[in-house]
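Load the model and keep the selection tool at hand.

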Amino acid sequence: QVQLVESGGGLVQAGESLSLSCAASGTIFTIVQMGWYRQAPGKQRELVATITGGSITNYADSVKGRFTISRDGAKNTVYLQMNSLKPEDTAAYYCNTKAYYSSTQWDDYWGQGTQVTVSS
C-alpha cells in the first residue's frame, strides 16, 4: 500500500500565492505519475496538474501560467506552487499517484485532501 500525506493549503486573498506538497510512502516500487486534482462544492473532481516520473507535466487550461508542479524523486514528493490565486481556485485539493507496488502491479492512490480558500 501507498500512503499520501498532503500539507499546505489555507486561506488567502485573491492574487496571493500558496504552495502544497504531498509525500508518498509505503511499498513503492516505482512512481509513474503524481499530481493534483481539486473539487469544489457541488462540482466534479477535476485535474489541476500532473507530472510523470520523467518530469513531463500537464496542466489544466485554467491554471496554466499560474501554477507550477514539480517533484523530488528521491523523496517521492510532489509540489504545487500556486500563484495569482483567484476565488474560483477555491476547492479541496487532492494529491494522486499512480505507482507500482511490485514489478508488475500498480494502483491509483489518493490523499485525504487539503482545503484552499481564496477570498475576493
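**Start at Met82**

Select Met82. Beyond its neighbours within four places in sequence, Met82 is in contact with Glu16, Ser17, Leu18, Leu20, Arg66, Phe67, Tyr93 and Val116 (contact: heavy atoms within 4.5 Å). This is a predicted model, where local features need pLDDT of at least 70, side-chain atom pairs count only at pLDDT 80 or more, and totals for chains, interfaces and linings use all residues. Residues are numbered from 1 along each chain as its sequence is written, and side-chain values use heavy atoms, with hydrogens and water left out.

**The core**

With Met82, they have the most contacts inside the largest nonpolar core, which has 30 residues. Such a core is a set of buried Ala, Val, Leu, Ile, Met, Phe, Trp, Tyr and Cys residues joined through side-chain atoms within 4.5 Å; buried means under 20% relative accessible area, with a 1.4 Å probe and protein chains only. Strands supplying at least two residues each include S1 (2-8), S4 (30-39) and S8 (77-82). Strands are DSSP runs of E, at least two residues, numbered from the N terminus.

**The hairpin**

Show S7 and S8. They run antiparallel, joined by 6 bridges (strands pair if DSSP finds at least two bridges between them). Pick Thr68: its bridge partner in S8 is Gln81. Then go to Asn76, which takes a positive phi near 50 degrees in this hairpin, with 4 residues between the strands.

**The disulfide**

Finish at Cys22 and Cys95. Their sulfur atoms are 2.1 Å apart and form a disulfide (cysteine sulfur atoms within 2.5 Å). Cys22 lies in S3 and Cys95 in S9, so the pair ties together parts 73 residues apart in sequence. The link is left-handed, with -85 degrees about the S-S bond. Both cysteines are buried.

Conventions. Buried means under 20% relative accessible area, exposed over 50%, partly exposed in between (1.4 Å probe, protein chains only).
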